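My notebook is open and the viewer is loaded. Here is what I looked up, entry by entry.

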Amino acid sequence: MTPPIDGLTIQSVRDGLAKKEFSAVELTTEALRFAESANPTTNAYLHFCFERALRQAAVVDAKVARGEDAGPLGGVPVAVKDVIVTKGVRTTCGSKLLENYIPPYDATAVIRLEQAGAVILGKTNCDEFAMGSSNENSAFGPVRNPVALDRVPGGSSGGSAAVVAQGTAVASLGSDTGGSIRQPASFCGVVGVTPTYGRVSRYGLVAFASSLDHIGPFARNVSDAAALLQSIGGRDEMDSTSAFAPLPDYNKALSEDVKGLRIGLPKEYFQGLSSETGDHVMRAVDVLKRLGCEVRDVSLPHTEYAISAYYIICTAEASSNLARYDGVRYTSRSTASDTLSDMYRNTRGAGFGTECKRRIMLGTYVLSHGYYDAYYLKAQKVRTLITRDFHQAFEQVDALITPVSPFPAFRLGEKLADPMEMYLSDIYTITGDLAGIPCMSVPCGRTAAGLPVGMQILTRHFDEAGMFRIAHAYERSL
Amino acid sequence: MKLTPEKVRYVADLANLKLTGEEVARMAHDLDEILSHMDKLNQLDTTGVEPMAQVLSDASETATLREDAIRPPLSNADALQCAPQPGQGYFKVPKVIER
């Protein structure tokens, strides 16, 4: 007898399999049935991969039958954002251009998930090519926040946050370039982790802004998120920017004491946010104080320049990364074109949505002759200053705590008309990406209207263990 | 700063992007707003600051290079599987030059 899918954790799946309460195939069948029936309310999944999921579940069951270890994620139903390629399973990136794209290879993170025993149920909705903060830029319709259906789930990994919040997957993978994991995690009330840049291989992550792109996990608790990172992280020779740094045992780190840890509150992150958000984050900080953390104020003086620097760098990189969608190799093609050049233009003009066009235009502009130094080079120098701010702060403290977003989930359509206002909602999350440090969102209460609020924890390069330790201590104390 | 429709069309041309008249007007307005926000960076003196292209590298330049070993590549059929117009083992495109 399979238990309710929306209440599962990695541990409960492990226990159930070990005690033979259910098989992986039974669990997967039920998870697919439940996810498919629940999906119309949120539109969080774009498509399911029934065959692949059941094949993987049978592999897990065979291992269990032989008395072998089914892996740390054995039989766990997970979902993967549709910007991460899956061999033989449609990968659209939320774009009309890739509506029928079936990748001939798997992303490294996908291979590692399955090696750890996880069962991928399907691919999740997202903003087109991961560009957006509300999941309203998907060519296949917006995702609704399962906590409040008239609200956005955040973006761009809105689907991956929503499936975990809705309980249609135990955990999921998303991608984060400027907050695309943490912001939706905070809007949907789940845990979302952006690891150190290079911690997880980007091989098979469809490129948006290569120097800023990260793959990371969503889960309903800190230990599940840590288990996913443990499985997907580490050096991969298919991504030359993936780091050699060894992965510590995150599970061990979870149980370590936080007493005496120094936590910094960057004052620039507590200005101009909704009072309810600030109150909840400060209450969480009080909990950590009670657990023995030492809290002090710090300053990250270049924070106010981050949005400008970020949107110059990410659009510049996007404009060159998205040049590959030309109607020749794997995208759909606009047929009414006499010349090659017209074919490119028509295909791209008809295929990209408004936000992608805006970012391609902006990126092309800032890289164009006469503007490169004023915008792109300048932004890269500001990136140095922002990163230096973090290094200096980490000389005084072990971790930083901030809000994830200045406000909780907003209504569908609320910010669509004004792109600059949408960009400004990323204010607290983009700095972590610019500096490449690990950062995560941990649920820390709900507003009077019942909307989740997230606390962001940021630590030094490669110190995900320290970050998990704080998050877990907080979570456990609730 | 004012971004003219001509400039927008020029940039769209560089980006191989066909925009409708309506899109050109909207783009001029949106980019103008975003670029004026970005001008904020000019308030900062960045003399002597190194530009940052890559977040971190914990390895020497050659450590990231893998062994130059032959391995099976993506097959021709796999590579062409999603092509809008494959033919004779190639990607077919509209005429590039007049004969």
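**Helix against helix**

I started with α10(A) and helix α12 (residues 354–367) of chain A, whose axes come within 7 Å and cross at roughly 100°. Axes here are lines fitted to C-alpha atoms, for helices over the stretch in contact, and angles run from 0 to 180 degrees between N-to-C directions. Helices (H or I, at least four residues) and strands (E, at least two) are DSSP runs, numbered from the N terminus. α10(A) and α12(A) are therefore roughly perpendicular to each other. For the labels, angles under 35 degrees count as roughly parallel, over 145 as roughly antiparallel, 65 to 115 as roughly perpendicular and the rest as oblique.

Who touches whom? On the α10(A) side I noted A:I312, A:T315, A:A316, A:A318 and A:S319, and on the α12(A) side a list including A:R359, A:I360 and A:L362. Two residues are in contact if their C-beta atoms, placed from the backbone, lie within 7 Å.

Before going on, I jotted down that this is a predicted model, where local features need pLDDT of at least 70, side-chain atom pairs count only at pLDDT 80 or more, and totals for chains, interfaces and linings use all residues. Residues are numbered from 1 along each chain as its sequence is written, while chains are lettered from A and ligands numbered from 1 in the order in which they are written.

**A second partner**

Next I checked α10 (residues 306–321) against α13 (residues 372–396), both of chain A: the axes come within 9 Å and cross at roughly 125°. That makes α10(A) and α13(A) oblique to each other. Among the residues meeting there are A:A306 and A:I313 from α10(A), and A:Y375 and A:I386 from α13(A).

**A covered helix**

How many residues of α4(A) are buried? Six of the eight in this helix (residues 108–115) are, so I wrote "mostly covered". Buried means 20 or more other C-beta atoms lie within 10 Å of a residue's own, exposed means 12 or fewer, and partly exposed is in between, with C-beta atoms placed from the backbone. The buried ones are A:T108, A:A109, A:V110, A:R112, A:L113 and A:E114. Their cover includes α3 (50–65), β2 (77–81) and α7 (222–232) of chain A. Just after α4(A), I found A:G117 with a positive phi of about 100°.

**Chain B meets chain A**

Last, I looked at the interface: 44 residues of chain B are in contact with 56 residues of chain A. On chain B's side, α2(B) gives the most, with seven residues.
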